[in-house]
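Here are a few notes to read alongside the model. Keep the 3D view open and click along as you go.

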Amino acid sequence: MWRIDEYIFPRVMPGELNSMDYARPVCGGMCGMRVAGVGINYIAHRFATDARNTHTMNLSEFLGRHGLTANPFAAEEAAQDPVLTQSGDSCRHPDFGKIFGEPTHPSPAVVFGERGAGKTALRLQMESAYRAYNKEQSENRVLVLGHDNFDAMIGRIARHERLKNQSAALEAITLSDHVDIVLHGIVPQLVDQLLGVTDRSPLQVSNFRKSLRKSPTLIRREMLLLQIAYDHTPIAAKRTRQLKSALGLGGSSGSKAAVNWAIVLAFFALIMAGMSLVQEPKRALIAVALLVAAGSFAMAWSWLRCQTRVGIIARGMHKGIRCVNRTAANFRESLHHIEINIGSASMPTDRGDDSRFAMLDRLLAVLRVADYASIAILVDRVDEPTTVAGDVDHMRSLVWPLLSSRFLQHRGLAVKLLLPAELGDLFSREDGAFFRAARLDKQNAVERLHWSGSMLAKVCDARIRAASARPNSAVAIETLFDANVGRLKIEEVLAGCGNPRESCRMVYAMFQEHMAHAESSAKEISTTTFDLVRQRSHVRPLKR
């Protein structure tokens, strides 16, 4: 074996390596080539060891030199991005105004954007803008609801229909299911506030309990009807009784009174019949007994008729409302707390759209009592449910029912659909019937969230400002780089990224490359590092 040591391969300092000297064979032929190969590996190892012994830049030190308290480009998911929260409206897309609209005049919006284009950030910014608007208003406020928990919705439909494959549940989704899940997301929390259960109610409507108790009987009854249809938990029937008492409402199905009267009259009929056996006048007592027995029979018939009608309504509600996970027996128990004629005319007992729009109108009427004039429904993450998993056809099945002009244009609703770009490409190939039903020309549609290099550079500036110890004197993105790089080059590279997520990944990769190779005295990222990361990103694109 050949012995390789520092007599053959002396210690080489960084910058002194001449590959030709150490590629020269030591003993000729294949033997020399083996020795040379081992030698080159040895030199590379010693070179790496010496590089580690050199003090390189620390990320915290680099950020601190530019007045930054955190890495503004570390987060990739908007929902877990503190920098986005702190940046306020500085990172908004130029189309934000068109998408958000005027809260005083609720309007829909349909937005298509690729992954990383900022759809979730757009939703968070709209939520923040609505909160700011509500703080400034004493009336005409907006109730905001995120509609993005599609896994729960699909799972409930699959269990209700007893489907083993949840993909089949996707094909069965209708607009009524979407409306049901929206109402189910709001009504139980309103009931919690009315009953004083505030510890589990993230949706807070200010002064709701006080305002509703002073409202007309019709509005209070509307709230009770909403609770009967869309409240959750196995104790929904108990909460119906509690809510009815809290709202000061009377009335019932009459079933309990009918059965009580039937029992009492039957008891008296038996007494009269017994008395006729031992007392006079027998005929009169028998006649009275028969009359009372007839009354008992009438009450029993009324009870049976009431039970049958309530049962029919309860089974219809159980069949029609698939996203609440309540049994027909549970619905039946709640229905007994209202007049049967009201229940039969008001409850959604099918999967039709008309009954759902009627329930939406009831909710809006109830909310107006607390000075909430509209509801903003923010639809996001349609590509993320487990069953969907980014499949375009599955996304289409999930979203298609929402693209109804009647729903999007419904008075008092501001429906914001934040959809993947693939759906926009798919919908553009649909037939005329789809466009007549959806009327996308009236829905403030944004065909694609486009980001130019200049816009993305401004987003980077805003993120740097949000992460700066002194936001008013924060540096711009180009000051992090060597003067030879310049803003134009940065904008060119960011334009190639195409969206905020990939832009943040690009700048983050430049930070990492700088930390790995730059010396501690290097304050700016060099042109060499900038070009290296840019070229690497083109050779091997970042995953989306």
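1. Let's start with disulfides, meaning pairs of cysteine sulfur atoms within 2.5 Å. A search of the whole structure turns up zero of them. A disulfide is a covalent bond between the sulfur atoms of two cysteines. Before you go on, note that this is a predicted model, where local features need pLDDT of at least 70, side-chain atom pairs count only at pLDDT 80 or more, and totals for chains, interfaces and linings use all residues. Residues are numbered from 1 along each chain as its sequence is written, and side-chain values use heavy atoms, with hydrogens and water left out.

2. Cys497 counts as buried because its relative accessibility is 8% (buried is under 20% relative accessible area, exposed over 50%, partly exposed in between, with a 1.4 Å probe and protein chains only). Cys504 is buried too, with a relative accessible area of 8%.

3. Cys497 also belongs to helix α23, residues 486-497 (helices are DSSP runs of H or I, at least four residues, and strands are runs of E, at least two, numbered from the N terminus). The buried residues of α23 are Ile490, Glu491, Val493, Leu494 and Cys497. They cover an arc of only 165° around the axis, so they sit on the same side of α23 (the arc is that of the directions from the helix axis to the C-beta atoms). An α-helix has 3.6 residues a turn, so residues three or four places apart point the same way. On the other side of α23, you'll find Leu488, Glu492 and Gly496 exposed.

4. Now have a look at α12, residues 236-246. Its buried residues include Ala236, Arg239, Leu243 and Lys244. Gly248 follows α12, and its phi is positive, near 70°.

Technical notes: The expected span of a helix is 1.5 Å times one less than its number of residues.
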